[in-house]
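Open the structure in your viewer and have the selection panel ready. This tour says what to select at each stop and what is there.

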Number of protein chains: 2
Amino acid sequence: MKTYLECLPCMMQQALRAARAATDNEPLQKEILNRCGELIREIPMEATPPETAASVYEIVKEISGNQDAYKKQKEQHIAEAFKLLPDLREKIEASENPLNTAARIAIAGNIIDLGVHSDFNILEEVDKILDIDFGINHFEAFKKQASKSDWILYIGDNAGESVFDRLLIEQLGRKTIYLVRDQAVINDVTYQDAVDSSLDEVAEVKSSGCPSPGLILDQCNEGCLELFKTAPMVISKGQGNYEALSDCGRPVFYLLKAKCQVISEIIGVRKGDIVLELRD
Amino acid sequence: MKTYLECLPCMMQQALRAARAATDNEPLQKEILNRCGELIREIPMEATPPETAASVYEIVKEISGNQDAYKKQKEQHIAEAFKLLPDLREKIEASENPLNTAARIAIAGNIIDLGVHSDFNILEEVDKILDIDFGINHFEAFKKQASKSDWILYIGDNAGESVFDRLLIEQLGRKTIYLVRDQAVINDVTYQDAVDSSLDEVAEVKSSGCPSPGLILDQCNEGCLELFKTAPMVISKGQGNYEALSDCGRPVFYLLKAKCQVISEIIGVRKGDIVLELRD
């Protein structure tokens, strides 16, 4: 997916949020906005949004000196998600279609990073998602592909959401390799976050080599590229990975919540819809 | 009011909206965003938001060559507002407190420019505002000051909203000078828009000399400054005028809907609240 003009003001909003998370120094926050403003001319519109976002977050790191602005928030989200784990596992096991319920819960996790802070609200979001229709629903293909795949490549998105991914991996019951970002960027899941989410108990956690907030294949290490090429099934979580991979040329199951107008129109759903889409 | 860091991404959003209204040429739209991005470093944060916005809209005009990007939209809003005039006048005359109802309707007009297009929705908004509480309500002081003022200086905001201003001017029943922007900027009311709104039938319409989307006194002509200094009562419509005048040092009655988080916090109301505030 290319970068749209709408993405540029959105990048500036992200820059401000990240600047404030990274430093309390207001002149530095302003300098981050200055530099990101100047970056706009340099952005190739044919690049994917996560590539563009990566440049923004590089500027935040360079100017603030803070390499992991969302560290505390990530720890908090993982801790909050863990508290819900027993109840959610119970919901899955009691449901008529445990795999479908686990997929919905994994997508619900994609919401946490939007700033829902109390346990009560997270649970409310989960309950909502358990009942609503998918904007796109390729669940039958998802189930079928999982049943005939020896192993699955699972591309993680946010820390916290990662705990919910564990529940889906349990239900899939297949050997799973869980790909994470190579370094901290926004609140995306890194190796340490994945281990803190106990994903190493149900999957082999590997760094993709990619430092951007979306799996940009050009930035991945050789090992990741080989896995991506050979995996009998690939599951991609979240909007950033969709933006990076949607034109990759191999079948991928995308699980996400459509969080902005641009992506909603591209996918052909309404903003806020949950999506389980197989793209070839 | 100074410019806040939040205003900068918002300026970029405004730049994109205005760029699209001004031209269909996508490379020119991108060039507008490039230039507005570069502008961020030059923005003095102690300047008021309308001063900053004025620079953005200057860039839009210069690059697109379109001096009045919202011309058609303004004409449409004025025409839509006119259709509602008889019903609204009836509502005012049938109400227990016609001046209060007219003030509410004038504030409701401040909503039109947010993109509510059908008559039905505008009417719905008006009905809503007739029933809700003000976030700040200095109506009694407003009524008292009007009753003892020989004449009133009324600072207009948006085209379309201007038609609703006529209803308040009728109820005030005082000689009124209606100040407008010196040239087209966003969908702010100009001399021609005010005449098209029939305001010349109930007030003397004058240009402030100010081309910014808010009455910046440093940019006003001598005549406007004299009026502003000597008026026994000043009514200021909308957020842009509030941003420009809130520290001006003379009593002004501000009628507006708080449309963003920054201004809501400054005024001390919730986002979306309607406000009738006397500031000394």
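Predicted model: local features only at pLDDT ≥ 70, side-chain atom pairs only at ≥ 80, totals over all residues.

The stops below go from the contact between the chains to the sheet of each chain.

**Stop 1: the two chains together**

Then select the residues where the chains touch: 22 residues from chain A and 22 residues from chain B take part in the contact. The area buried between chain A and chain B is about 2000 Å², and carbon and sulfur atoms give 61% of that area. On the chain A side, pick A:Leu5, A:Lys30 and A:Arg41; these lose the most area to chain B, together 33% of what that side buries.

**Stop 2: charges across the interface**

How many salt bridges are there between chain A and chain B? The count is six. To view one of them, show the side chains of A:Glu6 and B:Arg20, which form a salt bridge at 2.8 Å, N to O. Side chains of opposite charge can pair when their charged atoms come close. Eight residue pairs are in polar contact across the interface of chain A and chain B, counting pairs with both residues at pLDDT 80 or more.

Now select residues 7-22 and 26-39 of chain A, which are helix H1 and helix H2. Each of these helices supplies at least two residues of the side of chain A that touches chain B. H2(A) gives the largest share of that side, nine residues. By type, the chain A side divides into nine nonpolar, four polar and nine charged residues.

**Stop 3: the sheet of chain A**

Chain A has an open sheet of seven strands with mixed pairing, in the order S1-S7-S6-S5-S2-S3-S4. Which strands are at the edges? They are strand S1 (136-137) and strand S4 (204-207) of chain A, and each pairs on one side only.

Next select residues 252-257 and 274-279 of chain A, strands S6 and S7. They run antiparallel and are joined by six bridges. Within this pair, A:Leu255 has A:Leu276 of S7(A) as its bridge partner, and A:Tyr254 stands opposite A:Glu277. S1(A) also pairs with S7(A), in the parallel sense and over two bridges; here A:Asn137 has A:Leu276 as its bridge partner.

**Stop 4: helices on the sheet of chain A**

For a salt bridge inside chain A, select A:Glu170 and A:Arg166, whose closest N and O atoms are 2.8 Å apart. These two residues are four residues apart in helix H8 (residues 161-172) of chain A, so about one helical turn separates them. Over all chains, a search of the whole structure finds 34 salt bridges.

**Stop 5: the sheet of chain B**

Bring chain B back. Its seven strands form an open sheet with mixed pairing, in the order S1-S7-S6-S5-S2-S3-S4. Strand S1 (136-137) and strand S4 (204-207) of chain B each have a single partner strand, so one side of each is left without a neighbour in the sheet.

Select residues 151-155 and 175-180 of chain B, strands S2 and S3, which pair in the parallel sense over five bridges. In this pair, B:Ile155 has B:Leu179 as its bridge partner. Finish with helix H11 (residues 238-245) of chain B, which lies across S2, S5, S6 and S7 of chain B at about 140° to S6(B).

Conventions
Residues numbered from 1 in each chain as written. Chains lettered and ligands numbered in written order. Heavy atoms only, no water. Contact = heavy atoms within 4.5 Å. Buried area = accessible area lost by both parts, 1.4 Å probe. Salt bridge = Lys/Arg side-chain N within 4 Å of Asp/Glu carboxyl O. Polar contact = N/O pair within 3.5 Å; in protein donor to acceptor, adjacent residues only side chain to side chain. Nonpolar A, V, L, I, M, F, W, Y, C, P; charged D, E, K, R; others polar. Pairing = 2+ DSSP bridges. Axes fitted to C-alpha atoms, helices over the stretch in contact; angles between N-to-C directions.
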